[in-house]
Amino acid sequence: MYIDSSMRKSQEIIDVENAQYIYSKYFNDKKSFKTLIFTPKEKKRDGSHAWSVEPYHKEVMAWLKDVMAKNGVMETTYRRAGDNDWGRQYLTYGQFGVQRLQQNLRAFLCKMTDYDISNSHYTFLLKLAKFHNLPHTYIEQYCNNPQQQRETVNKEKMDMIAIMYQDKPHNHQNKWLKSLALEIEQVRNYLCENVFDSFKPSKESQNPKGSILSQGLQGCEDQIIQKIIDHFQIENVVKMFDGFMTDQSLTEQEINEYLASFEEGKGITIKIKVPD
């Protein structure tokens, strides 16, 4: 059973022995869980920071109990934010699973390989800019060597992503960053007005165009992930926003060769994520 574009169902494969270890050691020891397991400053894979140790401990322990009862095979269902037909897929309301685990527990408990789209946000922005004949000189420079560019301008990965979704470019002192932000603004404005014009910004967003752009790019991202899942008929899979996890053995080469075989996939690269 693999995720179908309409049904969006799958299974997660969890290491039962490791689940039993975490459950028995930390169920009645929240203090040690907070100190040794919980990472308050870790960013979620969707970019948010909303971690709180009390509910996280409670959810993890309840989920681990269920994992042990089901011998490590967990059925999951996914939905899109606001029940939209476009965008990232999240675990169904009220459901807990690998997608909602912090990185250290995810690596310890999940018997699956993590595959990521490299430089996902900027890659899709570049593809759309090229397709619509929009300026993309600085976007492409960043995509060609993200790490080197970040080091040159002394910015972290999330700082660069934030530039994409700020409606009004900051007054960057660095000339290259300023040019990049202005170029992104042109692309963002065009896409919001002509491509993603049916989308609505999230209610709490202070950057409405950035919110619309984010929804649009996340939908592109999800479509590529779904094409990979469908093409390789992946049975056990976890949707991880800009990637996926599975226990099926796939090489980077075979996935990337498949992506290069159709227009929407060209220029997109999948890499196996190595835990920190």
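Visitor: Which residue in S6 does Asp-114 stand opposite?

Guide: Asp-114 stands opposite Met-245 in S6. This is a predicted model, in which local features need pLDDT of at least 70, side-chain atom pairs count only at pLDDT 80 or more, and totals for chains, interfaces and linings use all residues. Residues are numbered from 1 along each chain as its sequence is written, and side-chain values use heavy atoms, with hydrogens and water left out.

Visitor: How many bridges join strand S4 to strand S6?

Guide: Two strands pair if DSSP finds at least two bridges between them; strands (E, at least two residues) and helices (H or I, at least four) are DSSP runs, numbered from the N terminus. Here four bridges join S4 (residues 113-117) to S6 (residues 243-246), and the two run antiparallel.

Visitor: What is the order of the strands in the open sheet?

Guide: The order of its four strands is S5-S6-S4-S7, with antiparallel pairing. S5 (237-239) and S7 (270-272) each have a single partner strand, so one side of each lacks a neighbour in the sheet.

Visitor: Which residues of the largest nonpolar core touch the most other members?

Guide: A nonpolar core is a set of buried (under 20% relative accessible area, 1.4 Å probe, protein chains only) Ala, Val, Leu, Ile, Met, Phe, Trp, Tyr and Cys residues joined through side-chain atoms within 4.5 Å. Of the 46 residues in the largest one, those touching the most other members are Tyr-122, Leu-125, Ile-139, Met-160, Ile-228, Ile-255 and Leu-259. A second, separate core of 29 residues includes Trp-63, Leu-64, Met-74 and Val-238.

Terms used: Buried means under 20% relative accessible area, exposed over 50%, partly exposed in between (1.4 Å probe, protein chains only).
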